[in-house]
Amino acid sequence: MAQISPSDLSDSTLDRRSQINPSILSADFARLAQEAEAVRGADWLHVDVMDNHFVPNLTLGVPVVESLARATSTPLDCHLMIEQPDRWAPQYVEAGAGSVTFHVEAAAAPVRLAREIRAKGARASMALKPATPIEPYEDLLPELDMLLIMTVEPGFGGQAFLDIMLPKIRRTRELISKHGLELWLQVDGGVSATTIERCAEAGADVFVAGSAVYGAADPAEAVRALRAQAEAATAGAGWACAH
């Protein structure tokens, strides 16, 4: 697989300070190709992979990711909520994922895994459950392309946003700025028109939205509206003004 470099992404994506990644967990699984097309204009397509072990749900795996990668030009952002990501994550890069996220709670060797994901040509991302603090992993940040702060407990779509995660988002953004890193900060869980501005103000710049996009009458318009909200909130945020 060719590495996902800046030249592989659209100019509009690179210019945006806020990215919207619709989650196909909220899509119609019987029509995934059409559902991917319905959100044309999204920055990435977020693919939740669950194994019914790390989280109490079972979704899709490598073969579906391979098929989806062939069916859409939107790059795939695979979020692995699985045990043994050290073993399985590289296969998702080979299947066509442009970004692969593993949970630090499940990884045996997160630095080695991040380096392997990058070496295979994808962006490496690490996820933290709500109860997992960011501070112990400060030294790992340079090894990553993105950090995912879960704003719900992983495992199910449609959960209510946890406001208590906002201070954690702020602390993470402060650490990113402290080290001068070009690290994307993603939030996933309960992101909607009523919560996205708070996330953006706190420091997030990549937003996973499921039901807020696929539950809308016009999913593509929902993507544009959410991005506009996030960008407006980011424009007035202290963390963004400092850049």
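Which exposed residues does the face of H3 turned away from its buried side carry? Pro63 and Arg70 sit on that face, where exposed means over 50% relative accessible area and buried under 20%, with partly exposed in between (1.4 Å probe, protein chains only). Before going on: this is a predicted model, in which local features need pLDDT of at least 70 and side-chain atom pairs count only at pLDDT 80 or more, while totals for chains, interfaces and linings use all residues. Residues are numbered from 1 along each chain as its sequence is written, and side-chain values use heavy atoms, leaving out hydrogens and water.

Now select 62-71, helix H3, and pick out its buried residues: Val62, Val65 and Leu68. Look down the axis of H3: these residues fall within an arc of 120 degrees, so they line one face of the helix. The arc is taken from the directions from the helix axis to the C-beta atoms. An α-helix has 3.6 residues a turn, so residues three or four places apart point the same way.

Next, show what covers them: helix H2 (32-38), S2, S3 and H4 are included, with contact meaning heavy atoms within 4.5 Å. Helices (H or I, at least four residues) and strands (E, at least two) are DSSP runs, numbered from the N terminus.

Zoom out to the open sheet: eight strands, parallel pairing, order S1-S8-S7-S6-S5-S4-S3-S2. Strands pair if DSSP finds at least two bridges between them. S1 (19-22) and S2 (45-50) are at the edges with a single partner strand each, so one side of each lacks a neighbour in the sheet.

Finish on S3 (76-81) and S4 (99-103), parallel and joined by four bridges; leucine 80 has phenylalanine 102 in S4 as its bridge partner.
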